[in-house]
Each structure stands twice: as C-alpha cells, then as structure tokens.
Amino acid sequence: GITSAVAHLPNALLLGVAAGSTPAIGVFSFIYACVLTTVFCGNSFNIIGPTAALAGILVRNSDLIGPEAVAWSAIYISFFTFIVFFFALERYLLLLPSSVIEGFKLGLAMVIALGQINYAFGLNAGYPRGKSFVINVITNISHIPEHIHWFSIISFLIVFISVYVLLNYVTAKVPWGGLFAVIGIALGLMSERGWWVEYQSLSSRFGNIQYEWSAPLVWNDELLNFGFITECMSLTFMVVLETMISTKISDGMVKPSKATKPRREIFSMSFVNFL
C-alpha cells in the first residue's frame, strides 16, 4: 500500500495537469477513487490508481469546455457505464482483437505525449489555447524556436532515458516514479530560491495549490456538444475495458474462491464515477 501510494501520488498530480485540469483535482480524484472503489468494488486485489490512458481524451474535453470538463466527464462516464452494466455489454469487449486494443492505447499515448510538448521544452504557457487539440499542438511546436528552455529539455531527456532503462533493464518492482518525484522536488526548491537552476514548476504554473474537498458544478451548453459526448463514450470504453482486463489478470493469480465479481466491478465503476 505504501509503495503504491508513493508511486501513484506524483502521477495523480501530473495527470491532473495532463488532463487539462489542476494538480489538486488530480490528487483528490486519486483519494476519492481509492476510498470509494475499496468499499464498492467486486475485486479485493486490484490496485487503484491514476491511469495515463484516460488523460489523452480528458485533455481534449478540457480544451473544448474548460477544467470543469473533468468532473462532467466523470458523470457522463457514470451514465454510460451503467448502460453497459444494465445491458451486460461488457462481455462483448473481451472479444476485441488485442491488436485493436493495443492500437487504441498507442493512439492515446501519442495524444498524451504531444499534449505535454510545452512542459518538456519548458515553454511559457501564457499564450492562449484553442478548442482543437491539433491546433494546440501546432501552436506549442511553433513556439519552440523562440521560447525553448534548454535546462528543461535536458532534464526531460535525462529522466525519460533513465526511467526507460531502469524499468526495462534493472527492475520494474521499484517505484522509480517516487524517486524521481523527490529529485524533482529538490530541483524545484533550488529553482524557487534561485540556486543555479530555473524551472517552470507546478507552483510557478498554478500558484499555491488550493485544496477543496468539493466544489459546485456549473452547467455549460458545450456539455451537449456531440464531440464531448462521443469523447465520454470513448472514455467509457477504456474504463470498462481496463476494468475487465485487470480483473482477468488478478483472477489468474488468486484462488477460484477469491475470483472477481465482474458485474459488481462494472457497477462499482459507474457508482464511484458518479460520486
């Protein structure tokens, strides 16, 4: 549990940003999901944590509507997931060829990577963002020659290569994400105090992070946008698919008497997303 928390907390912060929202929302989504899923899920062995697979679609919703799109996406996903549960549609997802699933995941990974170009190159995020993901990527790339920050790009490459080597050639059992988070905090403190380095940190980007346990939802007519609704359907597909795959994996590692209740697992995803 401690290892999972150390590994996932930095991910929660960063994926909150990657989804087009704020670090605080990333952290509280992580806390809510862990507590509620533990109570309502049909599987006692799955580890609950933030997943990068959904951030690529959530950021497009945020570009279209704003940061509040993350909360509304959860409500829409809850509704669509309940439809899947009610009609027992989840059984058909397991018939999908693995090549289709991997292609879908690869596309999402590319969306996440392209969406973080401004952070990797240390670009100033002060220029306006549009409602199109492609336009935002082109805008970020166009600012690279003028605003590239060499300290950021060198740090990015060092961390990227280090994580790749450590996970693939050393061991994947160590929470390397937590280690690099500690190093990043040290560099951030040095930058904040003017000691030798200068970085754009979450603090300089978002100011003092305000933690609130709840906030009112504000309706936006864009929430009826066809593009937003279809993106939420795609998110639902990923939620249900990842849930079914993880339950299959865990069932292969435990006694039959401890097997997952798949129907309850799908219902809990609907219920927890709504809450």
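The structure is a predicted model, in which local features need pLDDT of at least 70 and side-chain atom pairs count only at pLDDT 80 or more, while totals for chains, interfaces and linings use all residues. Residues are numbered from 1 along each chain as its sequence is written, and side-chain values use heavy atoms, with hydrogens and water left out.

The protein contains 14 helices and zero strands. Helices (H or I, at least four residues) and strands (E, at least two) are DSSP runs, numbered from the N terminus. Read from that end, the order of elements is α-α-α-α-α-α-α-α-α-α-α-α-α-α. Of the 275 residues in the protein, 35% are buried. Here buried means under 20% relative accessible area, exposed means over 50%, and partly exposed covers the range in between, with a 1.4 Å probe and protein chains only. The protein exposes about 16200 Å², and carbon and sulfur atoms supply 70% of this area. Such areas come from the Shrake-Rupley method with a 1.4 Å probe; for residues, only the protein chains shown count as cover. Among contacts (heavy atoms within 4.5 Å) with a separation of 6 or more, 76% are between residues 24 or more positions apart.

Helix α2 spans residues 23-40. Its 18 residues reach 26 Å from the first C-alpha to the last, close to the 26 Å expected at 1.5 Å a residue; the expected span is 1.5 Å times one less than the number of residues. The buried residues of α2 are Pro23, Ala24, Gly26, Val27, Phe28, Phe30, Leu36 and Thr37. Ser29 also lies in α2, but Ser29 is partly exposed, because its relative accessible area is 39%. The C-alpha atoms of Ser29 and Ala12 are 7.8 Å apart in space, although the two residues are 17 residues apart in sequence.

Rings of Phe, Tyr and Trp (its six-membered ring) pair if their centres lie within 6.5 Å; planes under 30 degrees apart count as stacked, over 60 as edge-to-face and the rest as tilted. By this rule there are eleven aromatic pairs. The rings of Tyr76 and Phe228 have centres 5.0 Å apart and planes at 75°, so this pair is edge-to-face. The pair joins distant parts of the chain, with Tyr76 in helix α4 and Phe228 in helix α13 (residues 226-251), 152 residues apart. Tyr76 and Phe228 are both buried.

Ring pairs also link Phe82, Phe85, Phe86, Phe87, Phe267 and Phe271 into a cluster. Over the face of Phe85 lies Arg263, at 4.3 Å from the ring centre. A charge sits over a ring if NZ of Lys or CZ of Arg is within 6 Å of the ring centre and within 35 degrees of the ring normal.

Ala88 is found in the loop between α4 (69-86) and α5 (90-93). Most residues other than glycine have a negative phi. The phi of Ala88, however, is near 55°, a positive value. Ala88 counts as buried, because its relative accessible area is 15%.

Leaving aside neighbours within four places in sequence, Ser152 is in contact with Tyr119, Ala120, Phe121, Gly122 and Tyr199.

Finally, the cysteines may be considered. A disulfide is a pair of cysteine sulfur atoms within 2.5 Å, and a search of the whole structure finds zero disulfides. Cys34 is partly exposed at 22% relative accessibility, whereas Cys232 is buried at 0%.
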